[in-house]
Amino acid sequence: MPTPSENTLFGMGNPLLDISAVVDKDFLDKFGLKPNDQILAEDKHKALFTEIVKRKKVEYHAGGSTQNSVKIAQWMIQKPHKVATFFGCIGKDHFGEILKKKAEEAHVDAHYYEQNEEPTGTCAACITGDNRSLVANLAAANCYKKEKHLDLDSNWELVEKAKVYYIAGFFLTVSPESILKVAKHASENNKIFCMNLSAPFISQFFREPLMKVMPYVDILFGNETEAATFAKELGFETDEIAEIANKTQNLPKENTKRQRVVVFTQGKDDTVATVGDKVIMFPVLDIDQNDIVDTNGAGDSFVGGFLSALVQEQALEECIRAGHYAAHVIIRRVGCTFPEKPDFH
């Protein structure tokens with residue numbers, strides 16, 4: 001299989017520092033959180049960030065959905081370094097320095113847009129049992145500017161170098177115009193553009209920008225909850241996941257040289273994917289419930305594993321197998337972290 005060259009995989013999204021801690025039901029109730037959810041922080045959550053850092057076992061990890069995925073892809077590939085490029089916005093502060101250091105350690109070629117109006121974004125991961133409730137305070141991540149960063153020649157050259165693009169749906173709340181520019185470039189040059197439904201609130205409240213990008217999406221990822229919400233918002237009138245995948249595949253598409261692929265994960269249940277005109281179920285790897293440490297990052301790592309095989313021009317089945325392997329490793333660890341080397345064959 002071909003060895004990918006530097007900057008083959010391009011990711012753009014919200015770089016966040018994850019602050020994760022085990023909390024109790026009272027903590028969730030106090031801030032009106034569901035045990036398993038992803039939301040954007042509102043004023044009522046300000047105190048949450050002050051409180052979570054005082055918990056007994058607090059861990060800090062470089063996060064943000066897209067950044068996690070490209071980092072996992074790079075880890076799966078190992079060599080050469082810097083196959084993965086990442087763009088996003090951070091603050092000129094201590095947390096920003098941590099993110100830069102972590103990206104470098106992961107051998108990701110990160111080019112951050114740095115500004116000093118807003119501090120580096122954070123995401124509180126409130127863990128109860130094997131559930132995690134994520135509260136993102138985008139801050140600097142929300143300040144990404146197309147004309148100040150993506151449009152610069154030196155940065156756009158990195159976009160042009162790539163063959164596979166991945167942007168999580170979360171970035172639709174920040175810079176839909178940046179996503180469209182990249183998506184159109186991929187489509188016009190018959191390259192592969194991948195996107196993720198990311199969270200129910202994206203389909204609910206950012207449906208318009210999501211549907212503007214959809215015609216350019218070659219591979220769409222999501223989990224069962226996001227798929228159901230998406231189907232409801234689009235009036236698919238079915239809650240059958242295979243049917244949702246099929247209807248999503250058949251939405252209008254610009255580049256007709258590539259048939260859209262839809263991949264929906266369902267936690268411990270089979271992953272659903274469109275293969276040609278069929279919908280096929282792919283069983284995940286067995287795991288003892290007691291070995292699951294933290295399901296935060298399972299979806300991101302699945303995508304990362306998938307992308308690592310995709311940039312090596314592997315078949316869909318292999319991409320899914322790589323995704324399942326990566327997720328299987330990540331859920332046994334706290335945060336989106338990984339051992340030194342993968343053991344994937």
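Asp300 touches Ser65, Asn68 and Ser69, leaving out residues up to four places away in sequence; contact means heavy atoms within 4.5 Å. The model is predicted, so local features need pLDDT of at least 70 and side-chain atom pairs pLDDT 80 or more, while totals for chains, interfaces and linings use all residues. Residues are numbered from 1 along each chain as its sequence is written, and side-chain values use heavy atoms, without hydrogens and water.

Asp300 is found in helix α12, residues 298-310. Helices (H or I, at least four residues) and strands (E, at least two) are DSSP runs, numbered from the N terminus. Asp300 has a relative accessible area of 14% and is therefore buried. Buried means under 20% relative accessible area, exposed over 50%, and partly exposed in between, with a 1.4 Å probe and protein chains only.

The largest nonpolar core holds 52 residues. A nonpolar core is a set of buried Ala, Val, Leu, Ile, Met, Phe, Trp, Tyr and Cys residues joined through side-chain atoms within 4.5 Å. Val182 and Phe193 touch the most other members of this core. Its largest share, five residues, comes from helix α7 (residues 176-188). Beyond its neighbours within four places in sequence, Val182 contacts Phe10, Met12, Leu150, Trp156, Val159, Tyr165, Ile167 and Phe193. Another core, of 45 residues, lies apart from this one; Phe86, Val261, Ala309 and Leu316 are among its members. In soluble globular proteins, nonpolar side chains tend to be buried together.

In helix α6 (residues 153-161), Asn155, Trp156, Leu158 and Val159 are buried. They span an arc of only 150° around the axis, so they sit on the same side of α6. The arc is that of the directions from the helix axis to the C-beta atoms. Elements covering these buried residues include β1 (9-12), β5 (84-91), β6 (109-115), α5 (146-150), β9 (164-168) and α7. In helix α11 (residues 241-249), the buried residues are Ile241, Ile244, Ala245, Thr248 and Gln249. They fall within an arc of 135° seen down the axis of α11, and so line one face of the helix. Their cover includes β11 (219-223), α10 (224-233), β12 (261-266) and β13 (269-275).

Helix α3 (residues 65-77) packs against helix α13 (residues 316-330) at an angle of about 105°, with the axes 11 Å apart. Axes are lines fitted to C-alpha atoms, for helices over the stretch in contact, and angles run from 0 to 180 degrees between N-to-C directions. The two helices, α3 and α13, are therefore roughly perpendicular, a class that spans 65 to 115 degrees. Ile72, Trp75 and Met76 in α3 meet Ala322, Tyr325, Ala326, Val329 and Ile330 in α13.

Two strand residues complete the description. Thr122 lies in strand β7, residues 122-128. Thr122 is buried, at a relative accessible area of 7%. Its contacts, not counting residues up to four places away in sequence, are Leu16, Leu17, Ile19, Phe49, Phe95, Val135, Ala136 and Asn137. Leu40 lies in strand β3, residues 37-40. Leu40 has 30% relative accessibility and so counts as partly exposed. Leaving aside neighbours within four places in sequence, Leu40 contacts His45, Ala136, Leu138 and Phe201.

Methods. Angles under 35 degrees count as roughly parallel, over 145 as roughly antiparallel, 65 to 115 as roughly perpendicular and the rest as oblique.
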